Amino acid sequence: MTANPSQKQSDAARRPTRKIVYWFLLVLAAMGLLPLGVSAYKLISYSREALVTSQQEVQLQVATAVARQINAAVEGIKTQMARLGEAVAALPKGSPGGGGGVRALPDRALMERLLGSDLLLVRYTPRQGESIEARQPGFPRAAVEAVIHEGVGAAMQGGQDVSDPVPLQTDQGQHSVLVVTVPVGTTGAPSGTLTGVVDFASYWDPVVGGRRTSYIIYALDSQGRLFASQDEDGVLVRGDLKTFGVVQDCLRAGGHSALTSEYLLTVDGKPVPYIASCDTTAQGWKIFVQLEKKQAYATVNQMIQTTLFWAGLAVALALVLAYLLAATVTRPIKALAAGTEAFAKGQLDQRVRVKSRNELGALADTFNAMADQLQNYIQRLSAAVSLNSELFMGTVKALAEAIDEKDPYTRGHSERVNQYAVLLAKQMGLSKKEIYEVHISSLFHDIGKIGIEDKILRKPAALTDEEYTVMKQHPNKGYQMLSKIRAMKDIIPGIRFHHERWDGSGYPMGMKGDQIPLAARIVAVADAFDAMTTNRPYQKAMPFEKAIARLFELSDRAYDRRVVGAFSEAYKAGSFKEPAKAVAYQEL
């Protein structure tokens, strides 16, 4: 969008003031903040480096502590199962069938007594015969059956077997369980095995529960599968563990690896910086501890905030000083800018008062002298415009009266049509410019009749078809007369098309509906109303109300119903009465 001249002048007046103020602010702020910024940057850099090292060491210690406690917990589980196996092996021997001593088998009641809050399933599997087991209600045995079978095979060879944690769904929710199998009997080959399925959460929660909740702690088995975690924010669920750099590095290192570093982890599809550490348990499980970088560097952030506070205070002081200094210099310039802007907006008596006895004072005096000259010139120009407008309107009215004088039956017709059309344009809420166009076009609507022979115009009877064809040429004749006048471009449509009809049966172009310019539709209704309410050779004048009713009858055929409706509303509101009173067009 193009700015108007007053806007451009206002912008130009303010531009020097802003430049001076900005230069003062920039210089003073740079002088005050540059040394502070350099020292703060150095301090923050040294502190950040020390804090990174310290935080990484702390997190690695946390990961190592968790790994050691998990090792201790697993050893405790193995010891517990070994003792239970020894208890089963110590059952008294009997002599069934009169034969030699045969070890008695444990019954289901014994198995059930072995169950506990953390022991979800206990099974005794003899070398020969059916196994005996007891399990917690709702425990999904089928989910661990293959792991139990593998452990029994290993224990029958005389060793203890601890499986990787097995994630499964129980009535109590999501669990990870360990399957621990020990041999029963130590003399020769084992007589059987004792298998226990242990709820790993009962050991994991005490290990990590006392840690800071801001830490994300999780464990992967030897195959890289997640089986336990502390993750209150659900980061692990929203990210792919396989894409975590710390997971990839730790699994790639293998063995008893321990490491710590900074990583970008992808969470919700976005990279998030973390400090992550990893350690390994005796079973080859990976323990991970990670903390979002912004939390790890909370101390540094606090230090940065403190530095920014003092820097901001220094900036505020610098800005105050700059403002006070700049105000002294720019006050005369602002006065000049305000005076120029007011003058550009039409306040021609605006003058600038600057007390400075320097170049700015001289500039103000020059501006005031220039303003005096411009004010005098504009006043003379305004007087000339007013005179030209009066001459133009006088010429228009004189032409309209000359046209009406050619026909004794239409004397005063153009002035009455003008009165009705202007009232109608106001009633319809048109803009001042549109009302002006209706005003002129309604006065000039029959100017083309100057080119029609008097014998046709003055004929006291109805016109023949040939005469009517000639009469229909007057809109185009009016168009041809005025088309060479550039200032009449927006006036001509109301003159040329005021005989077009709503249904397209009018002349000269056969326009229909909204194709007809609004000014022409307004003039058409005003023209028809005056023709109906004045005596003509072919009809007597109608009362106003009957003429308006006739206009409604012709709506949607000859006239725009909306225009007719507005005309009726203007009549009902008393805007004009019978006989019509002259209405001065005061706004123009």
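How many bridges join S9 to strand S10 (residues 226–230), and in which sense do they run? Four, and the two strands run antiparallel. Some notes on that and on two other regions follow.

1. Ground rules. This is a predicted model, so to speak: local features need pLDDT of at least 70, side-chain atom pairs count only at pLDDT 80 or more, and totals for chains, interfaces and linings use all residues. Residues are numbered from 1 along each chain as its sequence is written, and side-chain values use heavy atoms, with hydrogens and water left out.

2. Strands here (E, at least two residues) and helices (H or I, at least four) are DSSP runs numbered from the N terminus; two strands pair if DSSP finds at least two bridges between them. Ile 217 stands opposite Val 289 in S13 and opposite Gln 230 in S10. S9 and S10 make a hairpin with five residues between them, and Gly 224 in the turn has a positive phi of about 80 degrees.

3. Burial of S9. Five of its five residues are buried (under 20% relative accessible area; exposed is over 50%, partly exposed in between; 1.4 Å probe, protein chains only). Ile 216, Tyr 218 and Leu 220 point one way, Ile 217 and Ala 219 the other. In a regular strand the side chains alternate between the two faces of the sheet.

4. Helix H18. Its twelve residues (561–572) should span 16 Å at 1.5 Å a residue, and the end C-alpha atoms are 16 Å apart, so the two agree; the expected span is 1.5 Å times one less than the number of residues. After the helix comes Gly 574, with a positive phi near 85 degrees.

5. What covers H18. Its buried residues include Val 563, Phe 567 and Tyr 571. Among the elements covering the buried residues are helices H10 (413–427), H16 (518–532) and H17 (544–554).

6. Cores. A nonpolar core is a set of buried Ala, Val, Leu, Ile, Met, Phe, Trp, Tyr and Cys residues joined through side-chain atoms within 4.5 Å. In the largest, of 44 residues, those touching the most other members are Val 66, Ile 70, Met 111, Leu 194, Phe 200 and Trp 204. Helix H1 (residues 5–89) supplies the largest share, 13 residues. A second, separate core of 33 residues includes Leu 430, Ala 528, Val 564 and Phe 576.

Technical notes:
Contact means heavy atoms within 4.5 Å.
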